[in-house]
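Work through the exercises below with the model open. Try each task before you read its solution.

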Amino acid sequence: MKAKTIKAELSVKKKEWLTPHYIRVTLTGEDVQLIANTTVGVNNKILIPPKGVDKIYFPEFDYEKGQWIPLPEEVRPIVRTYTHRGIDLDTNEIWIDFVAHGEEGPASAWALHATEGDVLGVLMRDGKAELYPNADWYLLAGDATAIPVLGAILESLPAKARVVCVIEVHGKADEQHLQTVAEVEQVWLHNAEPQKGSVLADFVAGLNLPRESRFAYIAAEFATVKAIRTYLRKQRNWTREELYAYSYWKAGVAEEKSAADRQQEKNAIT
């Protein structure tokens, strides 16, 4: 039985700059209640309406073909992968964090110009999901796009967990305080031009990693994720169950054009 798909049309309540390159948009609406039984940190789809359209036309998903059924171009929203960073059911609010990287990306451009009352659609599967298994030691590594999920993991880890959390952001001013009761070694790497490459994989390769009761959650650009996965699996002999690696983006390629490559890398055994 396929999981129910949540279709929520929400509107902007407020927007705040968390850092020079990070925007938090708080969304509200009765449909927030539909998201009550989901896990903060899991992926969803945001739907950005075309210019001049003030409602969300939700596409239907063809599960047999594994693709969205096209809508007329004049009402077709732009679909991007994000996650809600938090939820408050009492106030009917969720908040989504956006990396502000200029006008070239539709989600970044939308967040930069979003004002109170603007509509945004959210599509996601209903039900809880496990972000990580039980372990004594965790490696969390990602770029700025991974902060929502890595932040959610940190918030939910128990005090006994030991964690190395490595996040690459634009610069010192983009470092954030991520709450946790776990024992965390937090490392911030700085990279003003993430489109031109990353030092994240090299840093991970220099870590002293444990041999048992371990788990790594990796989320970053395609080439970085592939390099870290290859290093952990082939050189350090981590099992597939000890590692989750997902690329949110591929340098120089739009999300819809890189989806197949990123999905293939997510499912890779090596």
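A salt bridge is a side-chain nitrogen of Lys or Arg within 4 Å of a carboxyl oxygen of Asp or Glu. The model is predicted, so local features need pLDDT of at least 70, side-chain atom pairs count only at pLDDT 80 or more, and totals for chains, interfaces and linings use all residues. Residues are numbered from 1 along each chain as its sequence is written, and side-chain values use heavy atoms, with hydrogens and water left out.

**Exercise 1.** Find the salt bridge of Lys172 and classify the exposure of both partners.

*Solution.* Step 1: the partner is Glu175, with the closest N and O atoms 3.3 Å apart. Step 2: apply the classes, which are buried (under 20% relative accessible area), exposed (over 50%) and partly exposed (in between), with a 1.4 Å probe and protein chains only. Step 3: Lys172 has 59% relative accessibility, so Lys172 is exposed. Step 4: Glu175 has 24%, so Glu175 is partly exposed.

**Exercise 2.** Locate the salt bridge between Arg214 and Glu242, and state whether its partners are buried or exposed.

*Solution.* Step 1: the N to O distance is 3.2 Å. Step 2: Arg214 sits in strand β13 (residues 214-221), while Glu242 lies in the loop between α4 (222-235) and β14 (243-249). Helices (H or I, at least four residues) and strands (E, at least two) are DSSP runs, numbered from the N terminus. Step 3: the partners are 28 residues apart. Step 4: Arg214 and Glu242 are both buried.

**Exercise 3.** How many salt bridges does the structure hold?

*Solution.* The total is seven. Another of them joins Lys196 and Glu193, at 3.1 Å from N to O.
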